[in-house]
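Biologist: I would like to learn how to read strand pairing, the core and the cross-link in a model such as this one. Could we go through them in turn?

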Amino acid sequence: QVQLVESGGGVVQPGGSLRLSCAASGSRFSINVMGWYRQAPGKQRELVASITSRGGTMSGDSVRGRFTISRDNAKNTVYLQMNSLKPEDTAVYYCNIETFSTPVVQYWGQGTQVTVSS
């Protein structure tokens with residue numbers, strides 16, 4: 001059974017930083033894409049950033065230049081370094097993985113709350 005264990009959320013002041021981690025375990029297949037999504041109250045879930053097994057990355061317009069995604073393939077762990085946080089970054093952040101399988105299978109973490117407030 002695949003498990004995604006997220007950590008690192010919390011409360012931070014505007015301009016501050018947080019680092020999220022997500023460790024995946026239990027997958028029969030190698031992990032292709034690892035990513036972070038977020039969902040604020042009353043809004044749709046949106047992609048924050050993703051990274052492939054080869055290190056290719058993509059990120060949302062609202063976080064580009066402030067957030068950095070990275071991964072440790074040996075540990076099946078993905079990180080999200082969030083700098084210059086803004087109140088509008090407040091949301092539940094969800095880890096997501098896609099496996100090298102046919103068809104592709106996605107798994108989601110339970111979510112971790114990030115609150116940016118003074």
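Biologist: How many bridges join β4 to β5, and do they run parallel or antiparallel?

Modeller: Strands of a sheet pair through backbone hydrogen bonds, either parallel or antiparallel. Here β4 and β5 run antiparallel and are joined by 5 bridges; strands are DSSP runs of E of at least two residues, helices being runs of H or I of at least four, both numbered from the N terminus, and two strands count as paired if DSSP finds at least two bridges between them. W36 stands opposite A49 in β5, and in the hairpin of β4 and β5, with 6 residues between the strands, G42 takes a positive phi near 80°.

Modeller: Please keep in mind that this is a predicted model, in which local features need pLDDT of at least 70 and side-chain atom pairs count only at pLDDT 80 or more, while totals for chains, interfaces and linings use all residues. Residues are numbered from 1 along each chain as its sequence is written, and side-chain values use heavy atoms, with hydrogens and water left out.

Biologist: Which residue in β9 is the bridge partner of R38?

Modeller: That partner is Y93, and β4 and β9 run antiparallel, joined by 8 bridges.

Biologist: What is the strand order in the open sheet of 4 strands?

Modeller: The order is β1-β3-β8-β7, with antiparallel pairing, and β1 (3–7) and β7 are the edge strands, each pairing on one side only. Between β7 and β8 there are 6 bridges, and F67 stands opposite M82 in β8.

Biologist: Which residues touch the most other members of the largest nonpolar core?

Modeller: In soluble globular proteins, nonpolar side chains tend to be buried together. A nonpolar core is a set of buried Ala, Val, Leu, Ile, Met, Phe, Trp, Tyr and Cys residues joined through side-chain atoms within 4.5 Å, where buried means under 20% relative accessible area, exposed over 50% and partly exposed in between, using a 1.4 Å probe and protein chains only. The largest one has 27 residues, of which W36, V48, F67, V78, L80, M82 and Y93 touch the most other members.

Biologist: Which cysteines form the disulfide, and how far apart are their sulfur atoms?

Modeller: A disulfide is a covalent bond between the sulfur atoms of two cysteines, and the cut-off used is a pair of sulfur atoms within 2.5 Å. C22 and C95 form it, with their sulfur atoms 2.1 Å apart. The pair links distant parts of the chain, 73 residues apart, with C22 in β3 (residues 18–25) and C95 in β9 (residues 91–99).

Biologist: Is C22 buried or exposed?

Modeller: C22 is buried because its relative accessible area is 0%, and C95 likewise counts as buried at 0%.
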